[in-house]
Amino acid sequence: MRLLWIGLALLLSGCAAHFPEPDTKPGEPQWAPPEIDYSLPEAKNGSVYRQGYMLTLFKDKRAFREGDILTVALDEKTYSSKRADTKANKEQDMAIGGQASTGSDSYAASGSGSTSRGFKGSGSSTQQNQLSGSITVTVAKVLPNGALLIRGEKWLRLNQGDEYLRLLGLIRTDDIGNDNTISSQRIADARIIYGGQGAIADSNAMGWAARYFNSPWFPL
C-alpha cells in the first residue's frame with residue numbers, strides 16, 4: 001500500500017512538472033511600457049531645443065523614440081495543407097516442368113507458383129488560423145540601426161473571465177503609416193500571444209489525468 005501511494009505521488013509530481021499551470025497577470029514588467037525621464041533639460045544659452053524631440057508642420061507625427069505609442073493592425077492568416085499517398089505492388093509468376101525416364105517407364109513433373117506483395121498508405125493534414133483586430137503598443141527601445149522594439153498588452157474583462165492580447169517585435173520606422181499604424185505582417189521576430197482566463201477558458205482545458213494519458217509520459 002505504501003508503494004502505491006509513493007507511485008501515485010510520483011505520477012502527480014510528474015504531471016505537475018510536465019503541465020505547469022499558467023499564471024498570467026496584467027502589468028507584468030516584460031510587457032509594461034518603459035520608464036522614461038520626462039523632466040525638461042536645463043536651458044543653455046536660452047535655447048528651447050530638446051534633443052530627441054521634434055515638431056514639424058510638414059508631415060504627420062509617427063512613433064520614432066522610446067515611449068511613443070503606435071497602433072498595430074493585426075492581420076494574421078496561416079493555412080497549411082499536406083497530403084501523401086503511397087502505393088506499391090509487385091507480382092511474380094514461376095512455372096517448372098520436366099520429364100525423366102527409368103528403363104521402360106517415364107515420368108513427367110510440372111509445377112507453377114506465384115507471389116505477390118503490395119503496400120498502400122495515405123495521410124493528410126490541414127491547419128488554418130486567423131487573427132484580426134488591433135492593439136496599441138509602446139516603443140520600448142530604439143536600436144542603433146534605427147529599428148524600434150515595440151511591446152504591449154491589452155486586457156478585456158468579460159462576464160465569465162478575462163481575455164488578453166500581447167505583442168512583441170521589431171519594426172522599421174519606414175513601415176509606419178501616416179496615421180501612425182503598422183501591419184502585424186511588417187513586424188520582425190514577432191511574438192503575438194492571445195489567450196484567456198476564467199470559467200470559459202477552464203471549461204475548454206483538459207484535466208490533469210486526461211493530459212497525462214495524452215502525453216509522452218503515458219507508455220502506450
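Contact here means heavy atoms within 4.5 Å. By that rule, residues 24 or more positions apart account for 65% of the contacts in the protein chain with a separation of 6 or more.

This is a predicted model, in which local features need pLDDT of at least 70, side-chain atom pairs count only at pLDDT 80 or more, and totals for chains, interfaces and linings use all residues. Residues are numbered from 1 along each chain as its sequence is written, and side-chain values use heavy atoms, with hydrogens and water left out.

**Whole chain**

Start with the cartoon view. The protein chain has 3 helices and 6 strands (DSSP runs numbered from the N terminus: helices are H or I with at least four residues, strands are E with at least two). From the N terminus, the order is α-β-β-β-β-β-β-α-α. Switch to the surface. Of the 220 residues, 18% count as buried (under 20% relative accessible area; exposed is over 50%, partly exposed in between; 1.4 Å probe, protein chains only).

**The nonpolar core**

Select Leu-70, Val-72, Ile-135, Val-137, Ile-150, Leu-167 and Ile-171. In the largest nonpolar core, of 15 residues, these touch the most other members. Such a core is a set of buried Ala, Val, Leu, Ile, Met, Phe, Trp, Tyr and Cys residues joined through side-chain atoms within 4.5 Å. Strands S1 (69-102), S2 (105-142), S3 (148-158) and S4 each supply at least two residues of this core. Now centre on Leu-167. Beyond its neighbours within four places in sequence, its contacts include Trp-31, Leu-74, Ile-187 and Ile-192.

**Arg-166**

Step to Arg-166, in strand S4. Is this residue buried or exposed? Arg-166 is buried, because its relative accessibility is 6%. Show its side chain: there is a polar contact with the side chain of Glu-153, at 2.8 Å. (Polar contact: N or O atoms within 3.5 Å; within protein, one must be able to donate a hydrogen and the other to accept it, and residues adjacent in sequence count only if both atoms are side-chain atoms.) Other contacts of Arg-166 include Thr-24, Glu-28, Trp-155 and Ile-193.

**The aromatic pair**

The structure holds 1 aromatic pair. Select Trp-155 and Tyr-164. Their ring centres are 4.8 Å apart and their planes are at 25 degrees, so the pair is stacked. (Rings of Phe, Tyr and Trp, its six-membered ring, pair if their centres lie within 6.5 Å; planes under 30 degrees apart are stacked, over 60 edge-to-face, the rest tilted.) Tyr-164 is buried, at 11% relative accessible area.

**Asn-180**

Finish in the loop between strand S4 (161-171) and strand S5 (181-183), where Asn-180 is found. Asn-180 is buried, with a relative accessible area of 16%. Its side chain reaches the backbone oxygen of Ile-69 at 2.7 Å. Contacts of Asn-180 also include Lys-61, Arg-62 and Thr-71.
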